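I opened a new notebook page for this chain. These entries record what I looked up, in the order I looked.

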Amino acid sequence: MPASVLAPRHASRRMLLGFLAALLAFVTLLTGCSSASQGGTAASEGSQRVVKTEKGDVSIPVKPERVVLLNFALAGYLYDLGAPVKAMTPEFTDAKDPQFAEFWKADAEKAGTSFLPWGSSGFDLEAILAAKPDLIIAGGMGFPYAQASDVYQQLTDIAPTVMVNKKYTTWQEQLKFLATDVFGQPDLYQHHLDAYQKRKQEVKAAITLPPGPVSYLSITADAKPYVLMEDQGLPIELQELGFKPAPLYQQYKFEPYTKGGDMFKLSPEQITKYLTMPTVFVMGFNRDTFKLDELKAKSPYSKLPAVTANRMYQLPYWVVRGDYDESMALLDQLQKYFS
């Protein structure tokens, strides 16, 4: 955070901290002179690792002690990697009672992770500063990326900040970057990848695909649909199982609902005009927001070909940007639906 936002009474302490930080940087520089490049990451044999990101090279602790995470969807990876996540943003903005995900709840409680305030207007930089991070992990897909990009310089003033590229739209790309480049654990990435590939082949052999192409809708509490873009995330992941995504985003040039977003919004009039594909997957928007039978009975959804043919399928809301654990659970769900 820029010094100008700190109260004057902290000036002496800030000067002392600045001197200590400069001294640490000098020592790190001397140590880093002997560092060797390893793949896409220049890693020293000392206490620092240099990570190549879209924002440039970032020098981070090899063994961070206080990690702040600014994208809930990335949490599962960090706990798998043993990262000491001390604070993180909730799953969605302005959450009244945020909860940990079922897959890593025990890890978060063991780590003593707390939630940071997070509003639709942006991150609470003062709360991030108060968490005293020595490493910030931000970026990823969707809204969190856009917000972190807007205040990237302020975040780096607080602690070294690694932005996960928004172009990493699958859990494989995200985990590979975090495991290999950031935390230096490529074996864990390979272990997860092998297990997933094995399970995916089992499911692919066991299911009968519904008619395609398919579309993916994220439904808000007031039944408004956001369509997942077919060129990233979940549609790409399921395409490998044979679920061909409908090219709505590509064909009709819709605009993302927010800068860097991975969905676009449809108006009530557009629902029946564009959602003419024979199969549709629906999910809640950030949480469980509907009951499938009630949604299918509601106009204009009741008029969709997928509904009249009984091929609208509900998936858990968390598969929209699923991590490894959620992707494995999704495979189980698909096998139940289509085997």
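Entry 1: I first wrote down the terms: on a 1 Å grid over the protein atoms alone, a pocket is an open set of points with protein on both sides within 12 Å along at least five of seven lines, a cavity is a set of points where a 1.4 Å probe fits but cannot get out, and lining residues have an atom within 4 Å of a point. I noted that this is a predicted model, in which local features need pLDDT of at least 70 and side-chain atom pairs count only at pLDDT 80 or more, while totals for chains, interfaces and linings use all residues. Residues are numbered from 1 along each chain as its sequence is written, and side-chain values use heavy atoms, with hydrogens and water left out.

I then looked up the second largest pocket, and its lining has 34 residues. Phe72, Glu91, Phe92, Asn286 and Arg321 lie nearest its centre. Its volume is about 670 Å³, where a volume is the space filled by probe spheres set on the grid points, which are joined across faces, edges and corners. I sorted the lining by class and got 20 nonpolar, seven polar and seven charged residues. For this sorting, Ala, Val, Leu, Ile, Met, Phe, Trp, Tyr, Cys and Pro are nonpolar, Asp, Glu, Lys and Arg are charged, and the others, Gly among them, are polar.

Entry 2: Rolling a probe the size of a water molecule over the atoms shows where empty space is left. I found three cavities of 30 Å³ or more. The largest cavity has a volume of about 160 Å³. It is lined by 17 residues, and Leu234, Glu237, Val319, Gly322 and Ser327 are the closest to its centre. Which helices each supply at least two residues of this lining? They are H7 (171-182), H9 (234-239) and H14 (324-338), where helices (H or I, at least four residues) and strands (E, at least two) are DSSP runs numbered from the N terminus. H14 gives the most, with three residues. The lining of the largest cavity has eight nonpolar, six polar and three charged residues.

The second largest cavity has a volume of about 40 Å³. Its lining includes Val214, Ser215, Tyr216, Val227 and Leu228. Strands E12 (214-219) and E13 (225-228) are the elements that give two or more residues to this lining. E12 has the largest share, three residues. By class I got eight nonpolar residues, one polar and one charged.

Entry 3: I counted two strands as paired if DSSP finds at least two bridges between them. E5 (residues 67-69) and E6 (residues 85-88) run parallel and are joined by three bridges. Leucine 69 has methionine 88 in E6 as its bridge partner. E6 also pairs with E7 (residues 114-115), in the parallel sense, over two bridges. There, alanine 87 stands opposite serine 114.

I then looked at the helices between these strands. E5, helix H2 (residues 75-80) and E6 make a right-handed β-α-β unit. Right-handed means that, with the strands pointing away from the viewer, the path from the first strand over the helix to the second runs clockwise. E6, helix H3 (residues 105-111) and E7 make a right-handed unit as well.

**Entry 4: salt bridges.** I counted six salt bridges, each being a side-chain nitrogen of Lys or Arg within 4 Å of a carboxyl oxygen of Asp or Glu. One of them joins arginine 199 and aspartate 332, at 2.9 Å from N to O. Arginine 199 is in helix H8 (residues 186-206) and aspartate 332 in H14, so this pair ties together parts that are 133 residues apart in sequence. Is arginine 199 buried or exposed? Arginine 199 is buried, at 19% relative accessible area, where buried means under 20%, exposed over 50% and partly exposed in between (1.4 Å probe, protein chains only). Aspartate 332 is partly exposed, at 36%. Arg199, Glu202 and Asp332 are linked in a network of salt bridges.

Arginine 321 is in the loop between strand E16 (312-314) and H14, aspartate 262 is in the loop between helix H10 (248-252) and strand E14 (263-265), and the two are 59 residues apart. Aspartate 262 is buried, at 3%, and arginine 321 is partly exposed, at 21%.
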